[in-house]
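I opened this entry to keep track of what I looked up, residue by residue.

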Amino acid sequence: MVVILRNGSGEEEIKKVEVLSSSLGLNCHISKGAEKIVIGIIGDDRYTSVERFEALECVEQVVRVLKPFKLVSREFHGEDLNVEVGDVSIGNGKFVVMAGPCAVEDRSMIEESAAFLSEMGVRIIRGGAFKPRTSPYSFQGLGRKGLELLREAADRYGMKTVTEVIGETTLEAVSSLSDILQIGARNAQNFQLIQRVASCGKPVLLKRGFMNTVEELLLSAEYIAYGGNMSIILCERGIRTFETSTRNTLDISAIPLIKMQSPLPIIADPSHASGRRDLIIPLSRAILAVGADGIEVEVHPRPESALSDSKQSLNFREFEKLMRELKSLVSARELVLT
Ligand code: PEP
Ligand code: MN
């Protein structure tokens, strides 16, 4: 359940709720908003009556959260949450574009990408250094060297970075060199890894597993929040269905569904969702129209020679077109029709 304190409450009132919670074998998660203090009661509270908390003088309201996820639920945080990555804010009604190659391949291609993308106004560059490849014979990424090259290129153009943590052994390197830590689809339910990543305290981009329901995605996010880290960006990246003409199926309805149930920002990845360059622009339009907070998209200086995901990577000219279309749609959102 979620306990909302009366206006003017402070540490003393929080303490009262904490004492009662611990006497009931429950823990507290405190959230101090601009106006209200909201306390999430964590643990198995099914047999605890709401009245126990309502009886406290300082309590304004108690809401029972029926969903299995609590800290990332709308009931717990009414208003949308933003994730701050240095001076870049994700959420806030804005549409963020995270872009870059599937993998960092060498210094010159990542430099070339960063120069072009920053020119286009992109503030967050992506690029895999540790790649989770289906085949052991495929390019596995440059590892730590890739992280360093991504960092260097981003710093040169004042950009932030996002890159994947594929396992605990890569966590130290990724968390020291990247601004956002990505949990990929293949690790979306690797709860031990997710907990370790959460404890780094850096923003986490959590991708949906290809076999995960919306509720499962939100429960994975709950692990991060429960670990004390609320800087979570969700990402719809397509799920596996019977359709074979696309790599995955972009679950567009997941975006508004998640918005209804959770205050966390949610972006989508049209590249991994479709696996097809020719679908990136139409899907991105849909992603923007449905209310997402942004996209993560693959762009390569020469997609035809990319070492991974070449079929779904945009070239620079196509990316420019994508940005033009997105800009016209963003302004269309503000159109008042008479
Ligand atoms: C990626 O973004 O580099 C990636 C591997 O995506 P996903 O985990 O969604 O397959
Ligand atoms: Mn890729």
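**Pro-203 and its surroundings**

I listed the contacts of Pro-203 and, leaving out residues up to four places away in sequence, found Val-83, Glu-84, Val-85, Asp-179, Ile-180, Leu-181 and Ser-231. I note here that the model is a predicted one. Pro-203 sits in the loop that runs between helix H6 (191-198) and strand E11 (204-207).

**Ligand 1**

Which residues are around ligand 1? I found Arg-126, Lys-131, Glu-164, Gln-182, Gly-184, Ala-185, Arg-186, Lys-207, Arg-237 and His-272. Sorted by class, this shell has 6 charged, 3 polar and 1 nonpolar residues.

I then went through distances from oxygen atoms of the ligand to side-chain N or O atoms. For Arg-126, I read 2.7 Å between an oxygen atom of ligand 1 and an N or O atom of the side chain. For Gln-182, the corresponding distance from a ligand 1 oxygen is 2.9 Å. For Arg-186, an oxygen atom of ligand 1 is 3.0 Å from a side-chain N or O atom. Ligand 1 taken alone exposes 290 Å², and the protein buries 96% of that.

**Thr-161**

I placed Thr-161 in strand E9, residues 160-164. Is Thr-161 buried or exposed? It is buried, because its relative accessible area is 1%. The side chains of Thr-161 and Ser-178 are joined by a polar contact of 3.0 Å. Beyond four places in sequence, Thr-161 is in contact with Ile-124, Ile-125, Leu-150, Arg-151, Ala-154, Leu-177, Ser-178, Asp-179 and Ile-180.

**Ser-31**

Ser-31 belongs to strand E2, residues 27-32. Its relative accessibility is 15%, so Ser-31 counts as buried. With neighbours within four places in sequence left aside, I listed Lys-36, Ile-37, Val-38, Phe-76 and His-77 as its contacts.

**Val-122**

I found Val-122 in the loop between helix H3 (107-119) and strand E8 (124-126). Val-122 is buried, because its relative accessible area is 3%. Its C-alpha atom is separated by 8.1 Å from that of Val-96, 26 residues apart along the chain.

**Nonpolar cores**

How many residues does the largest nonpolar core have? I noted 73, and those with the most contacts inside it are Val-97, Leu-117, Leu-234, Val-297 and Phe-319. Helix H7 (residues 214-226) gives the most to this core, with 6 residues. Apart from it lies another core of 16 residues, including Leu-5, Ile-39, Phe-53 and Val-59.

I took Val-297 as an example from the largest core. Setting aside neighbours within four places in sequence, Val-297 is in contact with Val-97, Met-98, Ala-99, Gly-100, Arg-126, Pro-270, Ser-271, Ile-280, Leu-314, Phe-319 and Leu-322. Arg-126, which is among these contacts, is also one of the residues around ligand 1.

Notes: Residues are numbered from 1 along each chain as its sequence is written. Chains are lettered from A and ligands numbered from 1 in the order in which they are written. This is a predicted model: local features need pLDDT of at least 70, side-chain atom pairs count only at pLDDT 80 or more; totals for chains, interfaces and linings use all residues. Side-chain values use heavy atoms; hydrogens and water are left out. A nonpolar core is a set of buried Ala, Val, Leu, Ile, Met, Phe, Trp, Tyr and Cys residues joined through side-chain atoms within 4.5 Å. Buried means under 20% relative accessible area, exposed over 50%, partly exposed in between (1.4 Å probe, protein chains only). Helices (H or I, at least four residues) and strands (E, at least two) are DSSP runs, numbered from the N terminus. Contact means heavy atoms within 4.5 Å. A residue is near a molecule or strand if one of its heavy atoms lies within 4 Å of it. A polar contact is a pair of N or O atoms within 3.5 Å; within protein, one must be able to donate a hydrogen and the other to accept it, and residues adjacent in sequence count only if both atoms are side-chain atoms. Accessible areas come from the Shrake-Rupley method with a 1.4 Å probe; for residues, only the protein chains shown count as cover. Ala, Val, Leu, Ile, Met, Phe, Trp, Tyr, Cys and Pro count as nonpolar, Asp, Glu, Lys and Arg as charged, and the others, Gly among them, as polar.
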